[in-house]
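Let's take a walk through this fold together, starting from how its pieces get their names. Have the chain in view and follow along.

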Amino acid sequence: MSKKAIIVGASSGIGKALAIVLAEQGYKVGITGRRGGMLEEIKALYPNAIIPRVSDATQPEAVKDLDSLVATLGGLDLLVISAGMGILNKTLDYTIENATNQLNVVAFTKMVNWGVHFFETQGHGHLANISSVASRRGGRLTPSYNASKAYQSNYFEGVRQRFYKLKLPIHTTDIRPGFVDTAMAQGSGIFWMAPKEKAAKQIYNAIKRKKPVVYVTKRWALIAFIFSNLPKWMHKRM
């Protein structure tokens, strides 16, 4: 029997690439996003493996959409949160900060909370989230993005601890990408830019191995270490 997965935020970028990898690996995959046409294009690639559902993670009915997808899939083994946004905000426009937090913090918490209760009731499962290397420190150009990704990583750490204390075989994977060739990667001269397909394969392997934390691509673990240990006096001058 094939495994079942749901990817929240799979109409493009890493979510789309991961949906394709999972379908190729024999998963039955439910995908959500706001852009129905793009979801249908992904379904056309693997019509027997992919089930699209138009859903906005920031809306109250989003959890009902997850319930509906689980019923259609016939179960759930893996929930991946890939919905997120990050916009360069040099002027510190509050509308950008608020929109980022509504998706990366409020909607994220709602999706993960649903997954925690679903898997605890079921007794097993796997939660994964696309956070970021940016979660390691604050950033002057994207303050809400960096802060929201730090929230996600810390939230996942708390959930991981919860599952351990409950002695349940439920796994979590905090996926921390560096630069991946998606619409979210803004600016010129970006270094170590990874193709979406390469990132998705590394994410799949990390999920398969049930790794609690993974940097994508792997070389970004070095940047994360340096970034995390950079002295405050040096960091504020960046």
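This is a predicted model: local features need pLDDT of at least 70, side-chain atom pairs count only at pLDDT 80 or more; totals for chains, interfaces and linings use all residues.

Seven strands make up an open sheet, and reading across you get β3-β2-β1-β4-β5-β6-β7, with parallel pairing. At the edges sit β3 (50–54) and β7 (213–216), each of which pairs on one side only. Going from one strand to the next, the twist averages 15 degrees.

Now zoom in on one pairing. Strand β1, residues 4–8, runs parallel to strand β4, residues 78–81, and four bridges join the two. If you want a landmark there, take V8: its bridge partner in β4 is I81.

Next, see what lies on the sheet. Helix α1 (residues 13–24) stretches across β1, β2 (28–33), β3, β4, β5 (125–130) and β6 (170–177), and its direction is at about 170 degrees to β1. Helix α2 (residues 36–45) also packs on the sheet, where it touches β2 and β3, and it makes about 175 degrees with the direction of β3.

Then turn to a helix pair. How do helix α4 (residues 94–122) and helix α5 (residues 143–166) pack, and at what angle? Their axes are 9 Å apart and the angle is about 10 degrees. Angles under 35 degrees count as roughly parallel, so α4 and α5 are roughly parallel to each other. Their crossing is right-handed. The residues of this contact come out as 13 nonpolar, eight polar and four charged.

E120 belongs to helix α4 and R162 to helix α5, so to speak a link between distant parts of the chain, 42 residues apart. The model's count of salt bridges comes to two.

Finally, two backbone spots deserve a look. Which peptide bond is cis? The one from V216 to T217, with omega near -10 degrees. T217 is found in the loop between β7 and α7 (220–229). The other spot is L92, a residue other than glycine with a positive phi, near 55 degrees. You'll find L92 in the loop between β4 and α4.

Technical notes
Residues are numbered from 1 along each chain as its sequence is written. Side-chain values use heavy atoms; hydrogens and water are left out. Axes are lines fitted to C-alpha atoms, for helices over the stretch in contact, and angles run from 0 to 180 degrees between N-to-C directions. Angles under 35 degrees count as roughly parallel, over 145 as roughly antiparallel, 65 to 115 as roughly perpendicular and the rest as oblique. A crossing is left-handed if the near helix is turned anticlockwise from the far one by less than a right angle, and right-handed if clockwise. Ala, Val, Leu, Ile, Met, Phe, Trp, Tyr, Cys and Pro count as nonpolar, Asp, Glu, Lys and Arg as charged, and the others, Gly among them, as polar. Two strands pair if DSSP finds at least two bridges between them. Contact means heavy atoms within 4.5 Å. A salt bridge is a side-chain nitrogen of Lys or Arg within 4 Å of a carboxyl oxygen of Asp or Glu.
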